[in-house]
Amino acid sequence: MKQRNVLLLICENLFADDEFISDAINCLSDQGFILLRESPEYRLQDGHRRLQLVSTMSIEGETFLLLQQKKSAMNTSVDAHVIKVCSNDTTHNWLLELKQEVKTKPVILYAQNDRSSGIIGLVNCIRKEPNIQTVSCFFIDDPTAPAFDASNPFYKEQIELGLAINVYRKGQWGSYRHFKLQEEPRYEPSTKHCFANCVKPGDLSSFTWMVGPLNEQSPSSPLARVVYSSLNFKDVMLATGRLTVETSFTNRLQQECVLGFEYSGVTTTGKRVMGMIPAGSMATMIETDRHFTLDVPDHISLEQAATIPTVYATVYASFFICSHIRKGNSILIHAGTGGVGLAAIRVCLAYGLEVFTTVSTKEKRDFLLSYFPDLNPNNIGNSRDISFETLIKERTNGRGVDFVLNSLSEEKLQASIRCLARGGHFLEIGKYDMMKDSKLAMTFFQRGITFSAVLVDLLFQEKRDLLLELHKLIMKDLAKGIIQPLPTTVFQAHEIEQAFRYLATAKHIGKVVLKIRDNEDDLASVPISYLPRVYCNPEQTFVIAGGLGGFGLELSDWLIIRGCRKLLLSSSRGITKPYQQYRINTWRTYGVQVTISTEDISTYDGCRRLLQQAIQMGPIAGIFNLAVQLRDAIIENQSVDKFAECLAPKATATHHLDALSRELCPMLKHFVVFSSVSCGRGNAGQSNYGMANSIMERIIEHRVVHGLPGKAIQWGAIGEVGIVADMQEDKIDMEIGGTLQQRLSSCIQVLDQLLTTSEPIVASMVVAEKRSSSGGAKNIVEAVMNIMNIRDMKSVSVESTLADIGMDSLMAVEIRQVLERDFDIILTPQDLRTLTFSKLQKLADAKTESETAEATTQQLQLQDLLASFGDETASHHTVLRLPSKCNDLEYDRPVLIIPGIESVSSPAWTKIASEINAPTFVLQTFAKGSDEQTIPGIVDSVFDEMFETVFAKAEQFLVIGYSFGSLLALEVVKRLEARSLRGKLMLIDGSPLYLQRFASHHLSGFDDEHLQMLILTLVISFIFPTATQDVIKPVMDQPTYSDRVEKLMAVAHDSNPFSDQYARKMMRVLFYRLKVAMNMSTEVKEKIESPLVLVRSATIVDVEEDYGLNEFTVASLIVKIIDGTHQTMLANPELIEIINKDTL
């Protein structure tokens, strides 16, 4: 090897090569390291005379051995000053000695026969401080070890290794390291309550089983062991994210176990039952609902029984509760081979109705005719388009049908309504259009029709009497034989992801069911892979010290969601903020008993009174210590008092709670302390805090050794709440102990994993070191491979498109959602069809490399959309003629410029017009179209005047639309073509897709108030660019938007270059124009016939090259890319050249 002074050399399977190892040692720096990567069973037989073994670690199927080059004279550390640290020494005499010695010489701190020593956290923090000598730590936690003596060979050899943290325990040396905590689901049959959930809605690969609440909480109704659970389309909509949990379950306490509404199984008394529940039947056991639990007839198997409850409940609620079908009526039933469709057809035929239905394939049509011999083949239409409307009109001689049972959406729903006869009844069982708030023309109701939304799930919540009636109707027709089971497609419980994918393709016939148990009398489920979870017994009490802090309130809320109903919150100051009282009042509405204690937990008697107070509420199941008292200072400025104050709520209180809980809490399940990364990784200035946390961790370790519950969680910096947030609420990237702030929601999400692992000390943090781009790219590729069920990349061509490899429409939707949500990569359907794994890898690499630049660009886009405030002096004109190189009064082909979102001309357009070789006009919608909220509405307000002024005598046109003006330009060209004019359309950095992407990036989720605040901020930057926070704050503090506008006008009166009236109107125009962008559809309803030229900015990279405009014209499309941002490109001379040479 030619290299020299190498600090770390990594090699694999080469240690036996003496020549290589000798060469490797020669290239090392003083005390350099060699890291051996070996197989898990590898054992180091013989060392090397020039190397000493430092550490051995086993990680993810490999053994790592760290060896260090020996040095002949390593006496510096041995000559270090040695100080003993004793946790029982309340005077902290060692502190003064440490402060004096650490400035001048290396120091060794040691603790021996002190099982609760905090020396590790203390040293980790001190070592982070500047301007001190080397400090190392020896923690002797083994009674058989000799008394510490730096000259004793037993310790001298270890000192010579030069390690920072040295721990002697159970006869061997070691240290503390952070390893990734592996979340490994258990795969086994389960007698516990487990339920299935899609952890990330939209990503079906995140489906998993998890332990459920019935293991801890007493059931409120009889239990049943689930044998089969059916899937419904509502489950698919929830799992794919098309329907939010919050929409379906407004009660927060019900938003945990939400999938599955019907089941078949066996009660604890051995009775075979089937039924419906509001949610959560996709589980190994459920709480039955007495109003809708049906006995299964002997001749029906439980597999068949699982197909009955929901479909027939939907059908009977539609036909006999929401309406009343009669013999001789006619009905259109959509999706005839689906579960509800088959059930509805059977019932309608039995009651003598004429049935019309729709299917999506010839195979399904053939199945229907064989399944229902009485069904008229001429009454079956296509559910994939609206041709069924013509079928109905022809078969009923234009009358229509009496009923429509609809599950289709959008234009098919509208067509279905048109199929109704006068006085007909529309029965809507779909959820999609309701969720989208689709509009329904009131003119439909002039024909006397009625519209009913059939929501069986609401019967469980609002109308229990109707549920009883429904129960009776179904039992009656079940006895008559009208109700029959449906065909089934069965998946095993562990195949839940495949089951959902199959149902989502709509290729099934009948019902898709999950098999939860092999046999009816089995106590355990089939083998499933499930994750453990934490739940609380509502009869037991949970104690949280520091429970009124930011994290404490969120932890309390999490425990309540998980079943806790008795909560004791300890705080030395009690309730001091209105928000604390608000949260407590909210919990009390859930039926939670909340008690506040102000006992001093730093004393033994205070802790005893605290626990006795909790015991009066119920047996204590959990103790959480979140209390904290910071007294930060570098070691030079630390004092005994600061150490004592910092240790009191953490170390001292935990010591007391440990001792007392052993005596008073026989049913304790959780003893949890919140430690800190300051202890595990060190943080300058927090030596006392690091020591306090380290003491707690040692207490936890000894509890676990004794078989008692114990968990210490090292948190990194927490964002949004708590001490760090209070100190620097605006600096989310502040680094603490090598970590960035972790979102509180993220902390809550990992609690299950942290609390259920067997490790006594765990950690959760966001490490500040930047991740490599290849890591991110690899994750993106793996995510797509997982969705497409590709196990090995070698099995496919990286240059083949995903469609060629096997991507179906459902996979395409899921891939788009995962890439957009998890990786901020937005693809159009066209992009997705041509996407290869090779392109995907390049996308991932490019995204990672330009992450910072992208963030800057997106922020600029929001301001670039408003290029200027325009020219107020001419803003009252609808059409403004600008001086150009051709100022003829008669012309054949004028140029019409439509500016951006400001809707008025500006100096930039005056300059561009001066170079154009044709008569040039600007269309200003500011004057007459300011209050319009749709593109057609804006154009309606100005078109006639514009046409008479500009195009009345013209034969051709060139329309130029910029940014938001591109939307108006497309509409204007359509209308000019309708008047037999021909010409060209030029769009400058704008299109429907471009504006829609802009709105989704920056305006998603905005209500009117947020939009108004955004506009106010933008306007301030234009009319008052030098405003300071002292000036802006009084404006923003006004109670209403109109008050803020008036305050701004008053504050900026002297410096505002525009009139107050113009500024107010401009803000109104911006508000309505942004709402247009937010609500705009990119769907092409009518294409233009004119050639189209797109001039786009070279800086925009997150949209297709043609901005999606290829779909908008039947003629040619030319794309020109020029330098400059969305704003500065208007000053690029190439733009004038393109206008004059390529469009005129």
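Is L7 buried or exposed? L7 is exposed, at 56% relative accessible area. The model is predicted.

## Surface patch

L7 sits in strand β1, residues 6–12. Together with L8 and I10, L7 forms a nonpolar patch on the surface. The three residues share about 300 Å² of accessible area.

## Helix packing

Helix α17 spans residues 550–561, and helix α18 spans residues 578–589. Their axes lie 11 Å apart, at an angle of about 5°. Angles under 35 degrees count as roughly parallel, so α17 and α18 are roughly parallel to each other.

On the α17 side, the contact is made by L553, E554, S556, D557 and I560. On the α18 side, Y579, Q580, R583 and W587 take part.

## Salt bridges

The structure holds 36 salt bridges. One of them pairs D437 with K439, with the closest N and O atoms 3.3 Å apart. K439 is exposed, at 62% relative accessible area.

E645 and R631 form a salt bridge, with a closest N and O separation of 2.6 Å. E645 lies in helix α20 (residues 640–664), and R631 in the loop between β30 (620–625) and α20. The pair therefore ties together parts that are 14 residues apart in sequence. E645 is partly exposed at 37%, and R631 is partly exposed at 29%.

D940 pairs with R975 in a salt bridge, at 2.5 Å between the closest N and O atoms. D940 belongs to helix α33 (residues 935–951) and R975 to helix α34 (residues 965–978), so this bridge ties together parts 35 residues apart in sequence. D940 is partly exposed, at 49% relative accessibility. Elsewhere, salt bridges with shared partners join D141, R169, E697, R698 and E701 into one network.

Note on methods
Residues numbered from 1 in each chain as written. Predicted model: local features only at pLDDT ≥ 70, side-chain atom pairs only at ≥ 80, totals over all residues. Heavy atoms only, no water. Patch = residues over 30% accessible without salt bridge, like charges linked within 9 Å, V, L, I, M, F, W, Y side chains within 5 Å. Areas by Shrake-Rupley, 256 points an atom, 1.4 Å probe, with all protein chains shown as cover. Salt bridge = Lys/Arg side-chain N within 4 Å of Asp/Glu carboxyl O. Helix = DSSP H or I, 4+ residues; strand = E, 2+ residues; numbered from the N terminus. Buried < 20%, exposed > 50% of the residue type's maximum accessible area, 1.4 Å probe, protein only. Axes fitted to C-alpha atoms, helices over the stretch in contact; angles between N-to-C directions. Parallel < 35°, antiparallel > 145°, perpendicular 65-115°, else oblique. Contact = heavy atoms within 4.5 Å.
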